[in-house]
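This report describes the salt bridges of one structure and the places in the chain that they connect. The sequence and the model are shown first.

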Amino acid sequence: FNDDRMVDIIRSIKQGYPDCAITLSIGEKSTESYQKFKEAGADRYLLRHETANEEHYRYLHPENLSSANRKQCLYDLKELGYQIGAGFMVGAPGQTMEYLADDLVFLKELNPHMVGIGPFIPHQDTPFAEEKAGTLEDTLRLLAIIRLIHPMVLLPSTTALGTIHPMGREKGILAGANVVMPNLSPVQ
């Protein structure tokens with residue numbers, strides 16, 4: 001949807017449900033677009049930074065995308081007054097411990113309201129279809145580290161944790177996650 005359509009949607013939701021917080025997660029946009037959405041009533045914006053390391057970002061993304069732009073979008077959103085969320089995939093192709101350390105430092109500097117991490121899960125329609133998935137253990141370890149770095153941050157137990165292990169979501173909560181998304185409700 002273009003900006004005008006998004007503004008109409010945001011306004012209609014806010015008018016019908018004025019006490020409801022509106023969370024957007026629609027990618028990199030211009031500061032002007034973010035401002036329009038905020039003025040229409042959007043409250044939160046989730047944008048995974050994916051990796052704070054430029055070399056790793058280049059490996060994962062096409063040339064027309066930029067790590068610097070993605071990070072700047074997060075800072076712009078925060079400056080505009082959004083509650084922001086950032087995050088990355090654990091075990092992403094080419095990821096090293098150094099890159100994970102860069103991610104943790106970036107999260108400390110950004111100080112987001114929410115941090116969404118989950119294990120990398122390869123998808124058949126991507127260049128990374130044959131890559132190994134991230135592990136439950138590594139994701140749980142990083143959830144615990146993020147909880148220590150950001151004691152008050154909203155830290156979801158993601159659907160990806162439930163995808164790679166039947167008790168993944170529950171283990172995520174035990175490791176330090178404090179948000180269960182509505183689509184993570186128990187089946188029963």
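In which helix do glutamate 54 and arginine 58 both lie, and how many residues apart are they?

## A pair within helix H3

Both lie in helix H3 (residues 54-60), four residues apart, which is about one turn of the helix; helices (H or I, at least four residues) and strands (E, at least two) are DSSP runs numbered from the N terminus. Glutamate 54 forms a salt bridge with arginine 58, with the closest N and O atoms 3.6 Å apart, a salt bridge being a side-chain nitrogen of Lys or Arg within 4 Å of a carboxyl oxygen of Asp or Glu.

## Basis of the model

This is a predicted model, in which local features need pLDDT of at least 70 and side-chain atom pairs count only at pLDDT 80 or more, while totals for chains, interfaces and linings use all residues. Residues are numbered from 1 along each chain as its sequence is written, and side-chain values use heavy atoms, with hydrogens and water left out.

Six salt bridges are found in a search of the whole structure. One of them joins the side chains of glutamate 28 and arginine 70 at 2.9 Å, N to O, and this pair links distant parts of the chain, 42 residues apart, with glutamate 28 in the loop between strand E1 (23-24) and helix H2 (31-40) and arginine 70 in helix H4 (residues 67-79). Glu28, Glu50 and Arg70 are linked in a network of salt bridges.

## A pair within helix H6

Arginine 141 forms a salt bridge with aspartate 138, the closest N and O atoms being 2.9 Å apart, and both residues lie in helix H6 (residues 136-149), three residues apart.
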